[in-house]
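Dear colleague,

Please find below the structure that I am handing over to you, together with its sequence. I would be grateful if you would look it over before reading the notes.

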Number of protein chains: 2
Amino acid sequence: MEISIKDLKQVVVFQNATDDDLRLILQNSITRSVEEGGFFFFQGDSAEYLYVLASGQVKLMQANPNGQQVNLRTIYPWQMFGALGAVRAEASYPASAQTLEDSTALAIHSKFLHSMLETRPYLSFDLMNLMTAYIQEMQARYRELATERVEQRVANALIRLAGQAGIRSEKDAAIELSFSRQDVAEMTGSTLFTVSRLFSEWERQGIIKTGRERIRILKPHELVRIADGV
Amino acid sequence: MEISIKDLKQVVVFQNATDDDLRLILQNSITRSVEEGGFFFFQGDSAEYLYVLASGQVKLMQANPNGQQVNLRTIYPWQMFGALGAVRAEASYPASAQTLEDSTALAIHSKFLHSMLETRPYLSFDLMNLMTAYIQEMQARYRELATERVEQRVANALIRLAGQAGIRSEKDAAIELSFSRQDVAEMTGSTLFTVSRLFSEWERQGIIKTGRERIRILKPHELVRIADGV
DNA sequence: AGTTGTCTTTGCGCTAGCGCAAATAAGCAG
DNA sequence: CTGCTTATTTGCGCTAGCGCAAAGACAACT
C-alpha cells in the first residue's frame, strides 16, 4: 500500500502541516502491515515509532499485572496511535496495539518526530489539542465506570461505537456494528456473559438485533434512554 | 498573597519560559482566593481562565447527570488546573474545582493563553507533555477501576496519595494523610461504608492508624502487597 | 456434508460490595 | 461544659453482576 501526501492531510494532527513537512514525514517513515490478530506493538515495548493507521482497524488494550485487560479504544484509518509513548523521550508504550483485521500503518520514527516537534510549533499545538480531547473522553469514561451500572455503560458504549464505527444501512435507519460480546465487555469493564444477557434482553425488546460478532441497532433512542438510567 | 516570577518557575509547564514571558503572564492574570469548600469553577462553566494554584488544595470532581460524583484528582501548589477547558477555544470546564482548604490561585485569561500559545512553541510542547502524563495516569486508573477489586483500588489510592500529599512524620517512618472516608471513596469509585470497613480491618492488622479525616500509614509495604492482589 | 474452532447463550450458585439505619465519636462554637 | 454538627462505625439485608459449565449456533475449511 502506497501512502501519499494527500492521504496524510486527513490526519487531524497534520492538518496544518505544509506539503514539504508531509513529504519529510513520509521520507522518514516506513510502512508496516500486520495481519488480523497481530500486534503493532506490545505494552511495555520501547516506543520507537508513532503510527498513523492507513487501513484496517487496531484496538488499544491495557493489561493489568494479572493479564486481565481493558479496551482503551479502537483506531480507524488516519487516526494516530502509539503517540503517548512516542512523544516522550525514552518512553515505552502504555498499551498494546492489536489489529482487528489486516492493517497497514505508517510508522514514524520517534527520534524524527522529536526533531520535528522542536522546529514545528503547529505540531505540538495540534498534538496537544488531540491529547486534551482524549483526556476528556477518558475522564468521562472513568466517571461512567465509577458511577454507572453495567447496563448503562454498555448502552453508552454502543452509542459511542455507533458514532465512530457504525455503518448506517440503506433501507432502514439501522446501524451496523461488528464487535464480539467479549469486545464490548472489555470496553465497558464487564464480562462476556453479562453483555450477552443484556443483548438477549434488548433483542427481546426489539431494541437491537444481534448475530455472531454483529450488532444492529434498531432503536437508538431506546439505548439513549437506558444509558440515561431509565 | 503576592505571586512572583520566581514562584512561577516551579510550575512544570513554565520551566522553559523566559523571565519576560513570566512577567507577561503575571500582567495578564488576576489572583483569586477561595475559602475552604468554595469553588474556583463549576463543571460546565465557560472556561475563561486557566489556574495555577499558589497555596491551598483543590480537588477536581466530575458529576454524572444524577449528581453522583467522582474525584478526578487533587491539585497541590504550583500545579495547573482548568487547563483542559482553557486551551480549547470556546470550551467549558469538564469538571468542578472545589477547595479543600483556603486557597489562592493565579487565574490566567484563556484568550491571553491562546495568544501565548501561538508565539511560544515551548508552551504547547510542555503542555502536551503534561497532557500525555495525565492521559497515562487516567488510563491506568481506568484499567484499575475495570479490573481490580475495591480493596486493591483503595490500597493503590493510599499509595498514590502518600507520594503526592503524604507528610512523613519525624520520629517513625509513618506517613500522614488528611482525607475523609468519603474522599477516598470518591477517588476509588466506591462508597464511604466500604472504605470505612476496609480501614477498620487494616487498622486491626496494624497496617494503618486512622482518625477523623486522618490516615497514618504504618506499613506501606503491606499496602503494596494488598494492591498487588494478595 | 462433516469437522473443527470460535462465539454465544443460559442455568445456577455465589459473593463482593452497596445502601440504609442507628449508634458512637470527634471537633467546634458559645 | 454543653450542645450541635459532621464524620465514622457496624449490623443487616440485599442484589447486581461475576464466573463456571454445558449446550447450542455459526463460519470456515476439507
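The notes below take up the DNA strands and then the domains of chain A.

Please bear in mind that this is a predicted model.

Around DNA strand C there are 21 residues, of which A:Ser180, A:Ser196, A:Ser200, B:Arg149 and B:Thr194 come nearest. Two or more residues of this surface are given by each of α7 (181–188) and α8 of chain A, and by each of α6 (150–165) and α8 of chain B. The largest share, six residues, belongs to α8(A). By class, the surface near DNA strand C comprises five nonpolar, nine polar and seven charged residues.

DNA strand D likewise has 21 residues around it, and A:Arg149, A:Thr194, B:Ser180, B:Ser196 and B:Ser200 come nearest. The elements that contribute two or more residues here are α6 (150–165) and α8 (192–204) of chain A, with α7 (181–188) and α8 (192–204) of chain B. For DNA strand D, α8(B) supplies the largest share of the surface, namely six residues. Five nonpolar, nine polar and seven charged residues make up this surface.

Chain A is assigned two domains, domain 1 (5–144) and domain 2 (149–227). Their centres, taken over C-alpha atoms, are separated by 27 Å. In chain A, six residues of domain 1 are in contact with eight residues of domain 2. On the domain 1 side of this contact, strand β5 (residues 69–75) gives the most, with four residues. That side has two nonpolar, three polar and one charged residues.

Yours sincerely

Methods:
Residues numbered from 1 in each chain as written. Chains lettered and ligands numbered in written order. Predicted model: local features only at pLDDT ≥ 70, side-chain atom pairs only at ≥ 80, totals over all residues. Near = placed C-beta within 6 Å. Nonpolar A, V, L, I, M, F, W, Y, C, P; charged D, E, K, R; others polar. Domains from an automatic or database assignment. Contact = placed C-beta atoms within 7 Å.
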